[in-house]
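Please consult the sequence and the model alongside the text.

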Amino acid sequence: MPERRTLLLTLLAMLAFAGNSLLCRAALKDTAIDAASFTTARILSGALMLALLLRLRGASAKPRGSWRGAAALFLYAAAFSFAYLQLDAGTGALLLFGAVQVTLVLAGLLRGERLGGQALLGVLLAAGGLLYLLLPGASAPPLSGALLMLLSGLAWGLYTLFGRDGGDPLAASAGNFLRAAAFAALLALTFHAGLRLDGLGLLYALLSGALASGLGYALWYAALPGLTAIQGASVQLSVPVLAALAGALLLDEPLGARLPAAALAVLDGIALVLLPRLAGVPRAGV
């Protein structure tokens, strides 16, 4: 049935998105690979997977995208990797997701959109949750890692904005990943003295790029036509929760004293912003 197919595709896509946090954190925590090597391998394997998927669609399918989209994609991936040198999987995913949504809301305000009372409350609640997580104290994440992840979220938000008018999302993603490979090569050259190509770490990077990123995006785009806009936006609220739970179960990471309350505030706040804006929109879009 179409509904079951959509449900399965959506579940697999959310697991893939959460898997990016787990794979990156596991590689940098438990193996010898460095952040620059992980980023480079992730982008290259993602580019190859997306190019293959595009090729399988037909000889006429060509990569699209833009250099500004590629730059935002690279900044997201690089800051993401370096942030996970210090952050747990769940904390990093929450900071990333919160920063993405704040970026998109601020962009809407700059374009002249106005927030109603419920949406404004949601923005304040989400921002308060992030601030609570970052307050100085024993359970606060390292500031440098947190700032890098917020930068990663900002870059991913810009990448989303750049891609709204990019047409075919699979073709745009393939082109952006291929262009981002050039930036990744420069990153590897910059950090060449400290590159460490650990075998298991490299495997995690390839899985993150080819499966969690490349194939994950393809699954998400395949699921979107079967979702309403509100469903498509709301289901992504599960990603930080999935990452936190999986990090605790698979990586023995503590949930922390602040993370549950901060996650609840951020996710509830984002839901308050999304619900009134998306109600009545028939289909989801990326």
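In this predicted model, Ala35, Ala36, Phe38, Thr39, Arg42 and Ile43 of helix 2 meet Phe74, Tyr76, Ala77, Ala78, Phe80, Ser81 and Phe82 of helix 3, where contact means heavy atoms within 4.5 Å. By class, the residues of this contact comprise 10 nonpolar, two polar and one charged. Nonpolar covers Ala, Val, Leu, Ile, Met, Phe, Trp, Tyr, Cys and Pro, charged covers Asp, Glu, Lys and Arg, and the others, Gly among them, are polar. Helices are DSSP runs (H or I, at least four residues) and strands are E runs of at least two, numbered from the N terminus.

The crossing of helix 2 past helix 3 is right-handed, that is, the near helix is turned clockwise from the far one by less than a right angle.

Residues are numbered from 1 along each chain as its sequence is written. Local features need pLDDT of at least 70 and side-chain atom pairs count only at pLDDT 80 or more, whereas totals for chains, interfaces and linings use all residues; side-chain values use heavy atoms, with hydrogens and water left out.

**Aromatic pairs**

The structure contains 11 aromatic pairs. Rings of Phe, Tyr and Trp (its six-membered ring) pair if their centres lie within 6.5 Å; planes under 30 degrees apart are stacked, over 60 edge-to-face and the rest tilted. Two of the pairs are tabulated below.

| Pair | Centre distance | Plane angle | Class |
|---|---|---|---|
| Trp67 and Phe183 | 5.9 Å | 85 degrees | edge-to-face |
| Trp156 and Tyr217 | 5.9 Å | 35 degrees | tilted |

Trp67 in helix 3 and Phe183 in helix 7 (residues 169–190) lie 116 residues apart, and their pair links distant parts of the chain. The pair of Trp156 in helix 6 (residues 143–163) and Tyr217 in helix 8 (residues 199–223) does likewise, across 61 residues. Phe183 is partly exposed at 25% relative accessibility, while Tyr217 is buried at 6%. Buried means under 20% relative accessible area, exposed over 50% and partly exposed in between (1.4 Å probe, protein chains only). Trp156 and Tyr217 also belong to a cluster linked by ring pairs, together with Phe17, Tyr76, Phe80, Tyr84, Tyr159, Phe177 and Trp220.

Ser173 lies in helix 7 and is buried, with a relative accessible area of 2%. Apart from neighbours within four places in sequence, Ser173 contacts Leu50, Tyr159 and Tyr221.

Leu28 belongs to helix 1 (residues 2–30) and is buried at 11% relative accessibility. Beyond neighbours within four places in sequence, the contacts of Leu28 are Ile33, Asp34, Ala35, Ser81, Tyr84 and Leu85. Leu28 and Tyr204 are 176 residues apart in sequence, with their C-alpha atoms 9.5 Å apart in space.

**The chain as a whole**

The chain has 11 helices and zero strands. Of its 286 residues, 51% are buried. Among contacts between residues at least 6 apart in sequence, 91% join residues at least 24 apart.
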